[in-house]
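Take a moment to look over the sequence and the 3D structure.

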Amino acid sequence: GLFVTDYFTRTPRKLSPFRSFASIELFHFHIPEDTVIAVWNLITFKEQGGTFGDQCPDRSITVYFRSGAPSVINPLHTHFPRDTAVPGSFALTLTWTLPNRTTGVFNVTSPLPGDWFLAAHLPKDEGKISVKGLYEECQYLFQPQLIVQRLVNIAVLYPGHVTEQSMAPHNRSCLYKVFVPSYTSRVLVEVLQCRGAEGCPLWLRVRAKAPPLHNSTTVDCREHTPCQLAQDLPFWQHWYYVLVEKHPGVPGTVSFQVTVQLTDCSRPSLARSPFLPSSASMNMPHSFGSASGLALGDSPPPTSPNDTKHPVPIPVTSHAGERCWPVRPTLRNELDTFSVHFYIFFGPNVSVPPDRPAVFVINLLPVLDSGGVLNLELRLNVSSLCGENVTVFGCLNHEVPLTSGDNTSVTCETESLAGFLLSVNATASLSRLRIPYPQTGSWYLSLRSLCATEHGFEPCNNVTAEVYLRAYLSPCINDCGIYGQCKLLRTNNYLYAACECKAGWNGWGCTDNAEAFSYGFQLLSTLLLCLSNVMFVPPVAIAVRSHYLLEAAVYIFTMFFSTFYHACDQPGIVVFCIMEYDVLQFCDFLGSLMSVWVTVIAMARLQPVVKQASVLYLLGAMLLSMALQMDRHGLWNLLGPSLFALGIMAVAWTARTIRRRHCYPPTWKRWAFYLCPGALIAAAAVLLYAFVETEENYFYIHSIWHLLIAGSVGFLLPPRAKPSRRLGPLPRRKGCGYQLCVNEQEELGLVDPAVASINSICTS
């Protein structure tokens, strides 16, 4: 056949260490129908400071693949919540082959068509809290590329018709496809009139949705006469692919005929007619071609001489399990993103008769509904059992209802069909099922009632069980509980939800408490972070005693908002918020930076030099507010104002030193007992904050930061200015009844800037 190659790529994204599904990078691809091979080229490279990160350590990268919905991954091996089904996925670990680049390849032969999702992440790290901009961080970028090769013009088999084919010596196989509509209980593929050099040297393979593989359902036509392959309970509204493959080493041409028969379960005694406008034709997709419009009296389209189609009468035997029951639809009510309720007409109480199942369908929209959690709840009305030992079984299957003819069967799986089993009885009257990231399409729920006896389960007599049925779509499992936050995430145009756990809780629904913080630990960490701010009381007292009222007000502001910010910032349940979190965080950061600013400006002693030194306090407040609004976690928000204030202090001290011709401050006691200890304490606090703090030790390292930074203020704040004892008289101004008395003695590092410019007002 003719092959067409398509190429898809995604932009590189920065990978993060795994903490929860909210920290992974998700990529969305779409594989077209009739694809025979899909090749993912996985490119990973390192960057550091805008250049290649040759010095970055090698960290393994894990990539997950899943068709239909995102992968439900669990790299930390945590426990899932109760009643949660975990779908499988492929996983691949990439290792580094070059210092700054590596490439991996993942091949999928005959992949399922539709949506495919890739999830990638780095291994979990120690959770170090780094200051933004302090050093160039190693970045690991991941870029997936997809190359697909698909067949075009695949021959279509029409139910009830015979297709004649001759396979030349150089050909190995012939591929066909047939569309299976709803209410089809059986697909029968048969090879007729096979003629070759060695009998019928053919293999017959059948697979749903994609071309067959080597492990697909297969029959050897040499060993089976007639050569036919049956598929019970096929997937509805999908293509089935038929591969006729020649044995290797067979010479000459092999001729044969292929026919497909579909059994309509609504009419089990009849085969589906190719000329009737039943669900087979009405439900055909547009890609079926001209056959989708066949009506009564129409004939199939003309074919080539070696591919002849004509109707053949094929006897169909009625099987016990081929009868299907009416499927009751559900009403979709969208409340919000991933918040959808499915209501049953004349529900939510459902009557389950003893002689037949009750079947319901839940339709999940493509792409839109696969990023949430499908929840199903069954509650049995025990009073409706009339004292009988009745058990109601529910089978939830994707794309086809399980309509087994065995009334005593309690399984929801067959060789080609997997499902989920729920059961309720008088003892356990409630059953739940949660499916995170469900595959989209139609989900069928079949309810059957069976009575328990000594010999197992048997059909009940004249007992109609009543069941309360609730089906809904939610963003997360139980909204992630009290120790988690349900986050709505987006990758390009795809939305999905995931839990982000806190206080040591883990798991898909934040229900794994193996590493959870106890209540006492949470209370201790909150008290440490809050009460450590009491260390600002001594600096406030020193500032008030020295007449630094503005500085004291800033320290009180910092102490207040730092206390209540950390009381609101706790991850557990010991939380107390007096304002919105964002307001408390802004005020805490602003107070911390303003404390540094006003302390350094006070140390500069600008009042005798700059008569309007208070302008600097106002200027600092405005600049710091602007910087925090731009980026609260940036390094230069802390270093920029601090270095600027230190520069002002250095200029002022240098000017005094030059004018007086001796070091300022002049006393060694000031340096030895105040300035040097205060500077060392402040430097130790900055080093702890920048290099030691992690998520695990945050509560006590940050508390030490509070103690050290407040203690350094008490050492660095200048003392109160000594009043002048000698005042020289000033000439009296004409027309003024007052005389200004100015302290002309410039103190040697001991003058209060609040009284440096104007010492007193003297009346004449």
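Which residues gather in a patch of negative charge on the surface? They are Asp125, Glu126, Glu515 and Glu696. Keep in mind that this is a predicted model. Take Glu126 from that patch. Glu126 sits in the loop that runs between strand S9 (114-121) and strand S10 (138-152). Its relative accessibility is 58%, so Glu126 counts as exposed; the cut-off for that is over 50%.

Now step back to the whole chain. The protein chain holds nine helices and 36 strands. It has 764 residues, and 48% of them are buried. Consider contacts between residues at least 6 apart in sequence: 77% of these join residues at least 24 apart. The chain exposes about 37,300 Å², with carbon and sulfur atoms supplying 58% of that area.

The surface also has a nonpolar patch of about 740 Å². Ile482 belongs to a loop instead, the one between strand S32 (465-474) and strand S33 (484-491). With a relative accessible area of 58%, Ile482 is exposed.

For a contrast, turn to Ser712 in helix H9 (residues 698-716). Is Ser712 buried or exposed? It counts as buried, because its relative accessibility is 3%. Neighbours within four places in sequence aside, Ser712 is in contact with Gly678, Ile681 and Ala682.

Next come the salt bridges. The whole structure has 18 of them. One joins Asp232 to Arg186, with the closest N and O atoms 2.8 Å apart. Asp232 is in strand S17 (residues 227-232) and Arg186 in strand S14 (residues 184-195), so this pair ties together parts 46 residues apart in sequence. Asp232 is partly exposed, at 44% relative accessible area. Arg186 is buried, at 16%.

Another salt bridge links Glu245 and Arg205, whose closest N and O atoms are 3.0 Å apart. Strand S18 (residues 238-246) carries Glu245 and strand S15 (residues 202-208) carries Arg205, so the pair ties together parts 40 residues apart in sequence. Both of these residues, Glu245 and Arg205, are buried.

Finish with Glu377 and Arg379. Their salt bridge has its closest N and O atoms 3.2 Å apart. Through shared partners, salt bridges join Glu377, Arg379, Arg432 and Arg470 into one network. Glu377 is buried, at 7% relative accessibility, whereas Arg379 is partly exposed, at 36%.

Technical notes:
Residues are numbered from 1 along each chain as its sequence is written. This is a predicted model: local features need pLDDT of at least 70, side-chain atom pairs count only at pLDDT 80 or more; totals for chains, interfaces and linings use all residues. Side-chain values use heavy atoms; hydrogens and water are left out. Patches are made of residues with over 30% relative accessible area and no salt bridge: like charges are joined within 9 Å, nonpolar side chains (Val, Leu, Ile, Met, Phe, Trp, Tyr) within 5 Å. Accessible areas come from the Shrake-Rupley method with a 1.4 Å probe; for residues, only the protein chains shown count as cover. A salt bridge is a side-chain nitrogen of Lys or Arg within 4 Å of a carboxyl oxygen of Asp or Glu. Lys and Arg count as positive and Asp and Glu as negative; His and the chain ends are not counted. The place of a charge is taken as NZ of Lys, CZ of Arg, CG of Asp or CD of Glu. Helices (H or I, at least four residues) and strands (E, at least two) are DSSP runs, numbered from the N terminus. Buried means under 20% relative accessible area, exposed over 50%, partly exposed in between (1.4 Å probe, protein chains only). Contact means heavy atoms within 4.5 Å.
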